[in-house]
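Please open the model in your viewer and keep the sequence panel beside it.

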Amino acid sequence: MTVTKMSWRPQYRSSKFRNVYGKVASREHCFDGIPITKNVHDNHFCAVNARFLAIVTESAGGGSFLVIPLEQTGRIEPNYPKVCGHQGNVLDIKWNPFIENIIASCSEDTSVRIWEIPEGGLKRNMTEAVLELYGHSRRVGLVEWHPTTNNILFSAGYDYKVLIWNLDIGEPVKMIDCHTDVILCMSFNTDGSLLATTCKDKKLRVVEPRSGRVLQEASCKNHRVNRVVFLGSTKRLLTTGVSRWNTRQIALWDQEDLSMPLIEEEIDGLSGLLFPFYDADTHMLYLAGKGDGNIRYYEIGSEKPYLSYLMEFRSPAPQKGLGVMPKHGLDVTACEVFRFYKLVTLKGLIEPISMIVPRRSETYQEDIYPMTPGMEPALTPDEWLSGVNRDPILMSLKEGYKKTSKIVFKAPVREKRSVVVNGIDLLENVPPRTENELLRMFFRQQDEIRRLKDELSQKDIRIRQLQLELKNLRNSPKNN
């Protein structure tokens, strides 16, 4: 298969998305005063649905994140209540696609936790999760909900394992153990029958998740992969990464043959990670660089050249990460086809950016809002685990799409005991710590010792000041 290098010149052709533009929300519709985490982990640190915005925050000791009702825009008070039950930094958060007040988080403390957010948001700090999941022996960097099955959650840890959790029983039921280094990204196809992963071992894999079998594998020598996304039901994958000359690059792959990419496209010479976002309804791909202010967008076609550059949204403020609103949370009256929530760390600001198709008519635009995956799961955990695949249940955005889900999360009652998957007790078979982890622990302890010393010296200074004040009082003429 030959690799096609694309021309950078945009191809002018008829497209209803030719003039899509990005519109930034006014300042009063942004979320301000948020202490966004300074963690350098390559995640978005942000999750959004039609009711809530969640952002991982900077916190001393343990990890925490804010959950803010979407209508509560403006300045957020410094003492706003947090979700703060983790003992280590929170590395990823994801909303349940079928139950809007259930969110999963994972952390450096090796746990995955499920939280139930009360109606109207938090009134006080939340420290108790409805479910704590232990099975990884290292910190957990990624969580992903299954796209069509209720209560199936995937987690990827620094122990190089992907665990599949059945939240009906609160246990890991499958383990994917084919990776030889840290997993960087996970993406599902439309019905969740395939999982694509990128890994630090420079390999792109397509895995059958229930068996853990690797169906396709690419060793990316010229294109060092970072992120991957399934392009809906087109049987194609798109990856972002770095070329051998350290330029940022995207590549398009046939999911059934990863021997060579269909196309490779160099983007620019910047160093920030490229995050890809795909909208299967409009066939639009958005590329946003970490540390950039711009978002490029393309239209994906079924024939060569496959990718057609449309336009670029530009902003001077760099983004740390981006949350994406699900389709049923968009404003269809404004012809909004995508909405980002941009994390601007330096300003402590979360900025909504609406991608809008300019139309004169104010009636519902059927052609840009096809039937889209809704909030009803297609499968139960038992059905999916037994081998059933089913496409998502679709909904129309024309009317009644603001309906809330009727599904309620019921946490299983269980005792803490051994976690056995594939005949291995995950909590007993802990691999030895790596040199990097030992160094990290050593430096963390050194920092803690320095902090305690500083506190002690401050207290000593205060004691001396008080002794001096007392001495001056005793020697004052009044006391004589």
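**The whole chain**

Begin with the surface of the protein chain, which exposes about 23400 Å², with carbon and sulfur atoms supplying 51% of it (accessible areas come from the Shrake-Rupley method with a 1.4 Å probe, and for residues only the protein chains shown count as cover). This is a predicted model, in which local features need pLDDT of at least 70 and side-chain atom pairs count only at pLDDT 80 or more, while totals for chains, interfaces and linings use all residues. Residues are numbered from 1 along each chain as its sequence is written, and side-chain values use heavy atoms, with hydrogens and water left out.

Now colour by secondary structure: the protein chain has two helices and 35 strands (DSSP runs, numbered from the N terminus, of H or I with at least four residues for helices and of E with at least two for strands). Of its 480 residues, 54% are buried, that is, under 20% relative accessible area, with exposed meaning over 50% and partly exposed in between (1.4 Å probe, protein chains only).

**A hairpin**

Select residues 162-166 and 171-176, strands S15 and S16, which run antiparallel and are joined by five bridges (two strands pair if DSSP finds at least two bridges between them). Val162 stands opposite Ile176 in S16, and in the turn of this hairpin, which has four residues between the strands, Gly170 has a positive phi of about 70°.

**A buried loop residue**

Finally, select Asn39, in the loop between strand S3 (31-32) and strand S4 (46-48). Asn39 is buried, with a relative accessible area of 13%, and its contacts (heavy atoms within 4.5 Å), leaving aside neighbours within four places in sequence, are Phe45, Glu58, Asn89, Leu91, Glu108 and Lys320.
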